[in-house]
Amino acid sequence: QVQLVESGGGLVQAGGSLRLSCAASGRIFSSYAMGWFRQAPGKEREFVAALKWGDRTAAHVDSLKDRFKISKDTAKNTVYLQMNSLKPEDTAVYYCAAGQVAGFARRDDYDYWGQGTQVTVSS
């Protein structure tokens, strides 16, 4: 079993930055992907970024890769999402996920999910 706890969300003005954290407990296999997804009101949960726990492989959705960056600290069992130049359209609940996936963006492949952290960007 893996437990994921997100933190770092909040209210920020447009143009600001936030860093989300996802603390993982339990057994994280090197083959696992650790990902960030987000869900805005009335929309489907969408892929943001992910990385492979055991190596340097990472991916970001094209529309966000210039502003968002995923990273990890394996000693702390924590994954981060640095979000810069935030826009009102980035407002969503951000979720951390983990699991053995066939592709980083394959939402349904992820086995474990956190409870989510709210990010609100005001204009």
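Reader: Which residue in E3 stands opposite serine 7?

Author: In this predicted model, serine 7 stands opposite serine 21 of E3.

Reader: What makes E1 and E3 a pair of strands?

Author: Two strands count as paired if at least two bridges are found between them. Strand E1, residues 2–7, and strand E3, residues 18–26, are joined over 6 bridges in the antiparallel sense, so they pair by the criterion of at least two bridges. E3 also pairs with strand E8, residues 78–83, in the antiparallel sense and over 6 bridges. There, threonine 78 in E8 is the bridge partner of alanine 23.

Reader: Why is cysteine 22 called buried?

Author: Buried means a relative accessible area under 20%. Cysteine 22 has a value of 0%, and is therefore buried. Cysteine 22 lies in strand E3. Leaving aside residues up to four places away in sequence, the residues that cysteine 22 touches include Trp36, Asn77 and Cys96.

Reader: What is said of asparagine 77, and why is it called partly exposed?

Author: Asparagine 77 has a relative accessible area of 23%. Partly exposed residues fall between the limit for buried, under 20%, and the limit for exposed, over 50%, so asparagine 77 is partly exposed. Asparagine 77 lies in the loop between strand E7, residues 68–73, and E8. Its phi is positive, about 50°, although asparagine 77 is not a glycine. Most residues other than glycine have a negative phi.

Reader: How do you know that serine 85 counts as partly exposed?

Author: The relative accessibility of serine 85 is 40%. That value falls between the cut-offs of 20% and 50%, so serine 85 counts as partly exposed. Serine 85 is placed in the loop between E8 and E9, and has a positive phi of about 50° without being a glycine. The C-alpha atoms of serine 85 and cysteine 22 are 21 Å apart, with 63 residues separating the two along the chain.

Reader: Which strands pair with E4?

Author: E4 pairs in the antiparallel sense with strand E5, residues 46–52, over 6 bridges. Arginine 38 has glutamate 46 in E5 as its bridge partner. E4 and E5 form a hairpin with 6 residues between them, and glycine 42 in the turn has a positive phi of about 75°. E4 is also joined by 7 bridges to strand E9, residues 92–99, and the two run antiparallel. Valine 93 in E9 is the bridge partner of glutamine 39.

Reader: How many helices and strands does the chain have?

Author: The chain has 0 helices and 11 strands.

Note on methods:
Residues are numbered from 1 along each chain as its sequence is written. This is a predicted model: local features need pLDDT of at least 70, side-chain atom pairs count only at pLDDT 80 or more; totals for chains, interfaces and linings use all residues. Side-chain values use heavy atoms; hydrogens and water are left out. Helices (H or I, at least four residues) and strands (E, at least two) are DSSP runs, numbered from the N terminus. Buried means under 20% relative accessible area, exposed over 50%, partly exposed in between (1.4 Å probe, protein chains only). Contact means heavy atoms within 4.5 Å.
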